[in-house]
Every structure is written in structure tokens, then in C-alpha cells.
Amino acid sequence: MNIEEIDARLREGVPGGVLELQEGHYSPHLVVDAPKVREVCLFLRDDGALRFDYLTHLTGLDCGERLCTVYRVLSLLHKRTVAMRAYVPREDPVIDTISDIWASAGWFERESYDLLGIRYRGHADLRRLLLPEDWEGHPLRKDYVDPLRYQDIDNTRNYGI
């Protein structure tokens with residue numbers, strides 16, 4: 001089954017779940033309607049013809065006016081993968097968690113929250129993963145500005161060289 005067939009199966013199983021198929025040389029992917037991301041993921045996992053039983057990665061992207069969560073899932077049974085993107089507005093970046101569908105999403109969602117500020121609604125333990133809890137901002141956002149100091153530590157990177 002190729003990505004066009006996966007797209008067609010998803011459109012039939014989750015009407016309105018897939019917004020478009022974007023084909024490219026490196027990684028064709030499906031753009032998924034963010035409010036339906038859980039429904040799409042459950043269908044990908046549970047449909048007998050698809051059986052995507054493993055989330056290989058999840059990450060976030062700053063796309064300017066919107067933020068994006070990128071998912072790649074694998075079917076060990078059928079030996080194929082599919083990538084998806086779901087966009088959320090920059091001013092209110094909230095999307096449902098899928099950590100109860102694929103457990104590996106839990107850590108990835110925490111990392112995406114920490115570095116980009118995407119909040120995964122329903123996540124059982126959504127807190128920073130890499131940065132201290134009192135860190136301000138999300139450093140992978142394009143508008144992020146490094147603080148000059150953190151807890152009395154100089155962060156100007158002026159090494160006098």
C-alpha cells in the first residue's frame with residue numbers, strides 16, 4: 001500500500017481527518033486536521049489494512065504563523081511507514097495527546113512542549129524535559145531570544161577571545 005492508498009483509506013475511515021497529501025522528493029506526508037489527530041491515529045493503529053503499531057518519532061516545527069507536530073508511524077506487520085503533520089495556531093498551540101495510543105509519544109510530546117511550547121491536551125505528565133522548570137520561553141521558536149542571565153549565570157557568551 002502506497003501513500004496515496006493510505007490517504008484514500010484514511011479519508012474513507014475518518015472523513016475530514018486528512019486535509020491534503022503533500023508529495024515531495026524526500027518525505028511525502030499527510031496533512032491532518034489537528035482537532036481530528038486522535039481519531040486519525042486510532043484509525044491508523046486499529047484498521048486491519050493499516051496496522052501502524054509503532055510511533056517512530058514525533059517532533060515539533062516552527063512554521064512561522066503556525067506551529068506543527070510531525071508524526072511518523074510504522075507498521076511492523078506490513079513493513080511501511082507514513083508521516084503526518086498537524087498545524088496549530090502559534091498564539092494557542094494546543095493539540096490532543098496521542099501518548100495513550102502509542103506510549104512512545106509521551107517523551108516526544110514533552111520535548112516538543114519544552115522546546116516549542118506546543119501543549120498536548122490530555123498528556124498525563126506534560127512538563128519540561130530538557131530545560132529547568134523555571135526557564136522562560138521555548139528555544140526552538142523562531143522568535144525566541146536567549147536570556148542574558150539565568151539564575152545569576154552570565155549567558156552573553158562573551159568569552160573575551
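1. Let's start with a cysteine. Cys63 is partly exposed, with a relative accessible area of 35%. On this scale, buried means under 20% relative accessible area, exposed means over 50%, and partly exposed lies in between (1.4 Å probe, protein chains only). A word on the model itself: it is predicted, so local features need pLDDT of at least 70 and side-chain atom pairs count only at pLDDT 80 or more, while totals for chains, interfaces and linings use all residues. Residues are numbered from 1 along each chain as its sequence is written, and side-chain values use heavy atoms, leaving out hydrogens and water.

2. How many disulfides are there by this rule? The count is zero, where a disulfide is a pair of cysteine sulfur atoms within 2.5 Å. The closest cysteine sulfur to that of Cys63 is in Cys68, at 4.8 Å, which is too far for a bond. For Cys41, the closest cysteine sulfur is also in Cys68, but at 13 Å, again too far for a bond. Cys41 is buried, at 0% relative accessibility.

3. Now find Met84 in strand E5 (residues 80–89); strands (E, at least two residues) and helices (H or I, at least four) are DSSP runs, numbered from the N terminus. Met84 is buried, with a relative accessible area of 1%. Leaving aside residues up to four places away in sequence, Met84 touches several residues, among them Cys41, Leu44 and Val70; contact means heavy atoms within 4.5 Å. Val70 and Met84 are 14 residues apart in sequence, yet their C-alpha atoms are 5.7 Å apart in space.

4. Next comes Asp96, in strand E6 (residues 94–96). Asp96 counts as buried, at 18% relative accessibility. Its side chain makes a polar contact of 2.6 Å with the side chain of Arg121. A polar contact is a pair of N or O atoms within 3.5 Å; within protein, one must be able to donate a hydrogen and the other to accept it, and residues adjacent in sequence count only if both atoms are side-chain atoms.

5. Finally, look at the rings. The structure holds one aromatic pair: Trp135 and Tyr150, tilted, with 4.9 Å centre to centre and 45 degrees between the planes. Rings of Phe, Tyr and Trp (its six-membered ring) pair if their centres lie within 6.5 Å; planes under 30 degrees apart count as stacked, over 60 as edge-to-face and the rest as tilted. Trp135 is buried at 16% relative accessibility, and Tyr150 is buried at 19%.
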